[in-house]
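Student: I would like to learn how to read salt bridges. Can you take me through a case?

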Amino acid sequence: MGMEEKAKKLLILYASETGNAIDAAERLGRQAERRGCPVSLLSIDDFDPSSLPDQEIVIFVVSTTGQGDNPDSIKVFWKFLLQRNLTQNWLSRVSYAVFGLGDSSYQKYNFVAKKLDKRLSDLGAIAMVERGLGDDQHPSGYEGALDPWMSTLWKALYQNDPKLFPKGPELMTSNMSLMDQPKVQITYHDVAEGTLNFSSTPDVKLLEMQIESTRFILPGKLSGKYSPDCFLKMVKNDPLSKAGCGKDVRHFEFEAVSSTIEYEVGDVVHILPGQDAAAVDAFIKRCNLNPESYIRVEPKDNKENEQSCDLRNTLKAPVRLKTFVELAMDVASASPRRYFFEVMSYFATAEHEKERLQYFASPEGRDDLYEYNQKERRTVLEVLEDFPSVQMPFEWFVQLVPPLKTRAFSISSSHSAHPNQVHLTVSVVSWTTPYKRKRTGLCSSWLAELDPQKRVLMPAWFQKGSLPAPPPSLPLILVGPGTGCAPFRGFVEERALQSQSGPTAPVLFFFGCRNEENDFLYRDFWLFHSQKGGVLSEEKSGGFFAAFSRDQQQKVYVQHKMREETFKIWNLLTEGAAVYVAGSANKMPSDVLLAFEEIVSKEGAVPKEAAVRWLRALEKVGKYHVEAWS
């Protein structure tokens, strides 16, 4: 009996970076369960890849990040799949389907889903349906492709094994009779019990305990580690751009509190932002909760992952409800998912609200929901204010409110030059929605408002980025317009220190901004290192080249400056230089690559196709790196 049940269970594996792939995977799981099919839903890093041939059916939901990069959670799995000893029929008994989440404005659109699909097929697995590709550019986002793909998938699964859906692929249990149960349970504790745990704990240790007690419940290991690498306090908050120029770019300096900082140039730091206190209070009040009560949140069913179960059993300390909301639930920045509206419809007592919520949750209302919710970046708090009759149990909010995510920033300092400090270069994000509502980025605006005089502790996690630290003997061609210059400030600081104790290879740096007067970030720093004997000086065979796009009638970007320096670039490339590109993910990385292709073709006297292959080979040997963000 046990074996029979196992064979009928549908395995769904997801690899998510921002949380969208988790949502899509959970939606697939719910739809399968409503058709009577039991589901096992796992983050791909919780699955043992060596047991893949033992699975009958596997559904993969994977996102693509940056320039066609793998999400962190799939890296070990992917490395396993690439082993040369795996044969062409290793997965011959496995049927699979792949759904990808990507953005067609990027060059390597849905690259992870495409290469996973191909590799599974190469290893003998049988695709049940054509891979689905969700696109952020679609009027309904990725769901525009997910809905029709799911419909095809259910039919294919039913043909493959009718036992999966006992009553057919179309029949769904009535939503009214099958009201899903929340996946978490909350235990309320005595206030005295909670305060007893934390009463004599020092600030930093207390915050660390609170983070561990709140964030471990988040799905898919969103932070990689639950406990922060260190806590930072801000010591400097300086504007880099001219006031009133339409941009607000800041230079932040932080010092480690309680533990030392360790990182290399090119690394990334993840910061957990604070939330607006008034918004947190308004959410708690709207949900009729007691902010001072102490709670413990646990998953209801955790048979899938015993390791997580062990961890969760060790985190026994109850935490204050308000602290839990502050550290784990994004109530006033992120937009809720479609399922949030569906669950809300069950708890709406006003008929017109119930009807509107049911419409939003239906396939017919999908585009209108996208307009109302994602495009307007409506927050959980705003949605709740629009549907005042909805009163949901707190368990549902814990499950459905988007988790408060860490924000990643390229580090703009050298650890050797600034021991126990980390510097960041941050553009304060603000925009206007289609309905002319002003919006700001949660983390960048929170950081910009922080006063270095006040000791605000922020949890931080350090991680390798896409830009590996170069040895001093490696010639460098750096391209970093706007805040893309951030990691290269660290590179230049480090190379300047290295040059004091021995010979270093040349560095060419191409920087770009709108106006020399308004947003020439770190102007004095670059010019100082371009002077006689500096690492960017001609004397050291280096160079600093700045493109000011709006200072003349004809727009000038970094790629134009590169074409002016083809001889220098080609010379360094032939000497074995590595290329590093950082900045906006929009058109810049592909424009820069095109400029390199033209330079290689012209100076190397080879056809364009040969230049393309040459640069691909450069990337393969780890000498062409891109770190781009949207």
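Student: Is R34 buried or exposed?

Tutor: This is a predicted model. Buried means under 20% relative accessible area. R34 has 3% relative accessibility, so R34 counts as buried.

Student: Which residue forms a salt bridge with R34?

Tutor: Look for a side-chain nitrogen of Lys or Arg within 4 Å of a carboxyl oxygen of Asp or Glu. For R34, the partner is E342, with the closest N and O atoms 2.5 Å apart. R34 sits in helix α2 and E342 in helix α11. They are 308 residues apart, so the pair links distant parts of the chain. E342 is buried, at 13% relative accessible area.

Student: What is the N to O distance between E143 and R338?

Tutor: It is 3.4 Å, and their side chains meet in a salt bridge. E143 lies in helix α5 and R338 in helix α11, so this pair ties together parts 195 residues apart in sequence. Both E143 and R338 are buried.

Student: Which residues are linked with E143 and R338 in a network of salt bridges?

Tutor: The network also holds R27, D147, R366 and D367.

Student: How many salt bridges does the count come to?

Tutor: The count comes to 29.

Definitions and conventions
Residues are numbered from 1 along each chain as its sequence is written. This is a predicted model: local features need pLDDT of at least 70, side-chain atom pairs count only at pLDDT 80 or more; totals for chains, interfaces and linings use all residues. Side-chain values use heavy atoms; hydrogens and water are left out. Helices (H or I, at least four residues) and strands (E, at least two) are DSSP runs, numbered from the N terminus. Buried means under 20% relative accessible area, exposed over 50%, partly exposed in between (1.4 Å probe, protein chains only).
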